[in-house]
Amino acid sequence: IRGDNTAVLTFTNVKYVTLDGHSSQSSPAAEITVHALYNTATDWNDCIDVWKDADYNHFLNLILISDDIRSLGNSLLLLSDGTNRPDSNLVEGNLAIGVTGIYVTGSTTINTRPRGNIIRGNIIGEATYLLGAWGIESDYAMGTIIESNTVQFLRKAMYPDYTSGITVFANINTIIRNNIVHSLFGSSGARVEGIVVTGSSSYMGSGLQIYNNMIYNLNNTSTSGSSYICGIDSWYNNTALIAY
């Protein structure tokens, strides 16, 4: 399924929908590929957008490829519109390739923050594409579970100032566990971080649990002072648990 607009597939205000690319054969692993082509006439080119009050949907065993190398090319986006929010969606077993692989985002208003979304068992990034800058991101969300994913072969794309395997901003009670993050690359003043959990003085993160993750092979070709490498980076967070 190919498209070159803002999103190839958009799910708006829908509930209990399953999109499953499971194959009855051992190879290939998925029978549904969603491919967002690069189009500069639109601000972004996403594979799948899950929008507004879209709850209890399952996105399983898909191949998701966005060719957009700007900072807004997402493979799968779960997005609040500032009034309604996507809750309790499951994103599992997918291969996601894009500047951002899987992205959950709400707004600063507490009632519009996506709740209880699960991102599990996905592979983010592939050695032959090298398009990604951010693997999995959850911004202004509550109770996101990010578990048993592999994030790999990411490098700074056109605009991002850092490469990150898993990024969490101003989250409440989010769990990051049993993930593998490896082979991230930075250059031209960009920093490289395996897992970064952050917020701001106005919007703090709280109640985060980060455990049983493996992070290795982080690389940076720049010697700029801002081009540091960090396995786990935490700031503007209260009561975070980082273990094992």
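Trainee: How many bridges join strand 14 and strand 17, and in which sense do they pair?
Mentor: Five bridges, in the parallel sense. Strand 14 covers residues 134–139, and strand 17 covers 162–169. Keep in mind that this is a predicted model.

Trainee: OK. Which residue in strand 17 is the bridge partner of Trp134?
Mentor: That's Ser164.

Trainee: And what about strand 17 and strand 20, how do they pair?
Mentor: In the parallel sense again, over seven bridges. Strand 20 is made of residues 191–198. To find the place on screen, look for Tyr162, which stands opposite Arg191 in strand 20.

Trainee: Is strand 17 mostly covered or mostly open?
Mentor: Mostly covered: seven of its eight residues are buried.

Trainee: New topic: salt bridges. How many are there?
Mentor: The count comes to seven. One of them joins the side chains of Arg120 and Glu92, at 3.6 Å from N to O. Arg120 lies in strand 12 and Glu92 in strand 9, so this pair ties together parts that are 28 residues apart in sequence.

Trainee: Are those two buried or partly exposed?
Mentor: Arg120 counts as partly exposed because its relative accessibility is 27%. Glu92 is partly exposed too, at 26%.

Trainee: What about Arg177, which side chain does it meet in a salt bridge?
Mentor: Glu147, at 2.7 Å from N to O. That pair also links distant parts of the chain, with Arg177 in strand 18 and Glu147 in strand 15, 30 residues apart. Glu147 counts as buried, since its relative accessibility is 9%.

Trainee: Which residues end up in one network of salt bridges?
Mentor: Glu92, Arg120, Glu147 and Arg177, joined by salt bridges that share partners.

Trainee: Now I clicked on Asn213. Where is that?
Mentor: Asn213 sits in the loop between strand 22 and strand 23. Asn213 is buried, with a relative accessible area of 16%.

Trainee: What does the Asn213 side chain reach?
Mentor: A polar atom of that side chain lies 3.1 Å from the backbone oxygen of Ile176. The side chain also reaches the backbone nitrogen of Asn178, at 3.4 Å. Leaving out residues up to four places away in sequence, Asn213 touches several residues, among them Arg177, Ile195 and Tyr244.

Trainee: Last one: which residues make the nonpolar surface patch of about 320 Å²?
Mentor: Tyr38, Met158 and Tyr159. Tyr38 lies in the loop between strand 4 and strand 5, and its relative accessible area of 36% makes Tyr38 partly exposed.

Methods:
Residues numbered from 1 in each chain as written. Predicted model: local features only at pLDDT ≥ 70, side-chain atom pairs only at ≥ 80, totals over all residues. Heavy atoms only, no water. Buried < 20%, exposed > 50% of the residue type's maximum accessible area, 1.4 Å probe, protein only. Helix = DSSP H or I, 4+ residues; strand = E, 2+ residues; numbered from the N terminus. Pairing = 2+ DSSP bridges. Polar contact = N/O pair within 3.5 Å; in protein donor to acceptor, adjacent residues only side chain to side chain. Contact = heavy atoms within 4.5 Å. Patch = residues over 30% accessible without salt bridge, like charges linked within 9 Å, V, L, I, M, F, W, Y side chains within 5 Å. Areas by Shrake-Rupley, 256 points an atom, 1.4 Å probe, with all protein chains shown as cover. Salt bridge = Lys/Arg side-chain N within 4 Å of Asp/Glu carboxyl O.
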